[in-house]
Each structure stands twice: as structure tokens, then as C-alpha cells.
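Here are some questions and answers for a first look at this structure.

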Amino acid sequence: MEQILEAILAGASGDELAALPLPDHYRAAYVRREDQEMWAGVASKDKDPRTSLHVGDVPTPDLAPDEAYVAVMASSINFNTVWTSIFEPLSTFVFLDRFAKESAWARRHALDHQVVGSDAAGVVVRVGSAVRNWKPGDKVTVHCNYVDDQDPSSHDDSMLGANQRIWGFETNFGGLADLCVVKANQLMPKPAHLSWEEAAVNALCNSTSYRMLVSSNGAHMKQGDVVLVWGASGGIGGYAVQYVLNGGGTPVAVVSSERKVALMNDLGVAAVIDRRAEGYAFWRDEHTQDEGEWRRFGKKIRELVGEDPDIVFEHPGRSTMGASIFAAKRGGTVVTCAATAGYMVEFDNRHFWMKMKRLIGSHFANYAEAWAANRLIAQGRIQPLLSAVYPLDQTGEAAWQVHQNLHEGKIGVLALAPSEGLGIDDPERRAEIGEDRITVFRRHG
Ligand code: NDP
């Protein structure tokens, strides 16, 4: 990939890039099929991605007609890479094997290694014969909705497609690598005012938060809404609070340290709850929740903003769902996309039905939603959450940081980009938006 990188850094044209040979191997972060059982008997918290994520050369796959090769300048760590590397709740090789049954092209994915990563920013270096809207030389970010466009169920909301997958999690050839293979309908223009690593961290989490809060497929937030955001300084939470502020709502941010409270205040969020300092114990023991603690939590929200939340942005799952359903206002909405702390959730149904609340399940975003979310980044209305940067060779360490909740916002990973700060094509626009706004998470990282 050295020749391709040199050409990109020298500003080579698309034709020049397309004329360069592609290597038959490339550097990638991957997990191995033979390691699937390696964590048997180990507690989740102790499963260490630094052991299970390898970085080394893997063979370059062939390109299907509707696909593109992207030279990856930077990528990011998402929680799904943590799940893959600890083989929980199941080994993602199961997804690859299932996918392989669908078509000849899909069979490429069921290998003994899986290249992980569901975000990327880089440069298109080749396109398949059926690709119309993209060409070599295009600077892009990649969203991770991997859709079978010949499936009728994909054509209303593609997230409802029966075969919908998350690229780099339920497929192979993901973004934590020097090269990735994507469908053309995963490509979006790279925001020109951002560096490679700033551009790489947004697509997965930003699009997810957009669908959950803004889209009519999610909670469809209105001006004036009070929105409770769990994990507000984390990946999806950090975009969520920005959407609430932008949309004329009032965010109530939940975080777990003084440092994160300061970060929220810097971002413009006035109502912040430090859940550690408050010492909430929603579960009295493994089987029993404590309604008194839900009430104490609800009271705190009212003290801060004077009313109950119209919307609760939920993702911790088992640890918080009871409190989330309780705290939402009469007729309010809880929107959830995850279960970091356990997926068998419990809540008191009386608080749910008697107060006519709604619970919405949400998962990533369709192309239109991802595109709209990317456009808001390009317009400078939503800022990247980049807080730290690791080289590709230290992907395991970066994933460990996220697994142990030691990070804020998003961790970027440099793939081909030789250093941070490269790739800013529109410095004037950057100055207009403001360096301070763009780098708020970096300053607190
Ligand atoms: P992060 O780790 O960046 O942030 C999650 C935050 O949640 C943490 O920073 C922490 O904040 C908070 N948190 C963690 N555990 C608990 C708990 N037990 N109780 C309360 N708060 C908790 O992860 P992401 O934001 O990137 O992702 C969050 C979840 O959403 C993950 O499970 C991920 O897999 C999922 N996800 C799902 C998507 C989908 O499409 N369905 C897309 C993106 C993410 P603090 O300690 O400060 O309170």
C-alpha cells in the first residue's frame, strides 16, 4: 500500500490512483476463527481485546461489481469491535458463515479471519463495473449499513431489510485496515474541513443517534423536548446531546465522573447528572430493582430541568431500563439501540402502560439517515467526538480502552495516515466553524 499512500499524499489524480497496482495482501486488524473459544470461563470484563485482536497481513479479496476498494486513512473503535474481540454475545464467525450461504460473492466473507471495523475515512482506489456515482480519487467516509438491494424488504426503510447487516461486524473486510471493501451505497463524501481521523469517527455513532432521536423512524424529537441521555460523553451519547441542543431541546446528560461533567458543560449542556457521585443503585440485588432509587433519579431530573423527560435515549440496557421507563414523562418515549450492561431487561409494566409510554427499538440508520447525519457534520452543525488517536498496530489497546470505559467520545485509529492532522482540505471552513468547537472532545481526552 506504500505506493498508493505516496500517491494520495502527493495529491495524485483519480486516473493515476486507478493505474497503480493493488497489493495482494494488506495490513489489517482481525480476529481468528481458531480463537472463538479462548475466553471460555473468563468474566466479560477480563476478556482482553489486546490478546484476541491481531494486526498483520491478510489476502486482498476480489471486488464485486457493486463494490469499491477504499484506501483507509483512518478508522475508529466502535463497541461492536469490543463485542467481536471478546466473542460476545456470540462469535461473529457465525454471521460470516450464515452470510456465505447467500451468494457466490458472499462466500468470500467466511474465512478463518475476520477483518473488523465499522468506520473508515479514506480514498476510493477502484470501483466495480456496476458503480456509477463514485470513482477513484474520491475522498469518502463509509457508513456501515450493508444492504442487499435485490431484496424487496430493503426498499422502504433499508434497516428493515431481511438481510441487513453491519459491515465490519456481520461481514468481513472492515475498516480497521489499510484497505477495505465496501458496497458503493455505503459511501459518503468526506467533510472537507476535518482531518482523516476526525472524519473517520462519526459515521456509525452519529448516524445511530440521528435515527434514534431525529428521524421519524426513531423518537422524532421536537423543539422544547427534554431528552435524558445515558452515557452522554460516550460514542452515541456525545452525538445525541448535540442533536438535542441543535434541535431546540434540553438535554439531561448522565455521565460518571467530574471530568465528564466538565466536558458536558464545555459542550453546552447545563443539566448533568454524575451517576457515580449520586450513587444510584437501581438493582438491590441481581433479581430485584429498587423503585425508591428510580424515584430519587426522577426527582433529580425534575430538580435540574423542572419536568420529566419527553424522550429517554437508552442503551445501557439491564442496569438502567427500569429507571428509564419510570423516568419518562406520561406519554413519553424511550428509544433504545443496545444493551451494554445486559440484554434481558426488566421494567415495571404498570409505569409503562398506565402512563401510556412508548418504547422504540432502533438500530443503526438507513443510507438516507446516514447521509443526513454526515451532511450535518459537513455543515459544522455536529462536531466529531474524537478524543484520542491510536495507530492501527495498537487496535487491541484502543479496543481495551473502550471495553473498560476509560475513554470519552470516540477513539480514532490511524491506518495509512502517517500522522494526525492530515486531510484537511478546507481550512477556511474549519476556521469559520471554530477549532475550539471541532476539538472539544480532544481537549478533554
Ligand atoms: P461507549 O462505551 O462509547 O459509551 C457508552 C457509555 O454508556 C459509557 O461511556 C458509559 O458512560 C455509559 N454506560 C456504560 N455502562 C453503563 C451502565 N451500566 N449504566 C449506565 N451507563 C453506562 O459506547 P457507544 O456509545 O459507542 O455505544 C453504546 C452501546 O450502544 C454499545 O452497547 C454499542 O454496542 C451500542 N451501539 C448500538 C448501535 C446500533 O446500531 N444498534 C450503534 C452504536 C452503538 P458513563 O460511565 O459516563 O455513564
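Q: Is glutamate 432 buried or exposed in this predicted model?
A: The model is a predicted one. Glutamate 432 has a relative accessible area of 60%. Exposed means over 50%, so glutamate 432 is exposed.

Q: How many residues apart are aspartate 310 and lysine 329?
A: These two residues form a salt bridge, with their closest N and O atoms 3.1 Å apart. Aspartate 310 sits in the loop between α12 and β16, and lysine 329 in the loop between α13 and β17. The pair links distant parts of the chain, and the separation is 19 residues.

Q: Which side chain has a polar atom 2.8 Å from an oxygen atom of the ligand?
A: The ligand is surrounded by 25 residues, and the closest include Ser256 and Thr340. A side-chain N or O atom of lysine 260 is 2.9 Å from a ligand oxygen. The polar side-chain atom at 2.8 Å belongs to threonine 340.

Q: Which element gives the largest share of the shell around the ligand?
A: Elements that give two or more residues to this shell are α4, α8 and α9. The largest share is three residues, and it comes from α8.

Terms used. Residues numbered from 1 in each chain as written. Predicted model: local features only at pLDDT ≥ 70, side-chain atom pairs only at ≥ 80, totals over all residues. Heavy atoms only, no water. Near = heavy atom within 4 Å. Polar contact = N/O pair within 3.5 Å; in protein donor to acceptor, adjacent residues only side chain to side chain. Helix = DSSP H or I, 4+ residues; strand = E, 2+ residues; numbered from the N terminus. Salt bridge = Lys/Arg side-chain N within 4 Å of Asp/Glu carboxyl O. Buried < 20%, exposed > 50% of the residue type's maximum accessible area, 1.4 Å probe, protein only.
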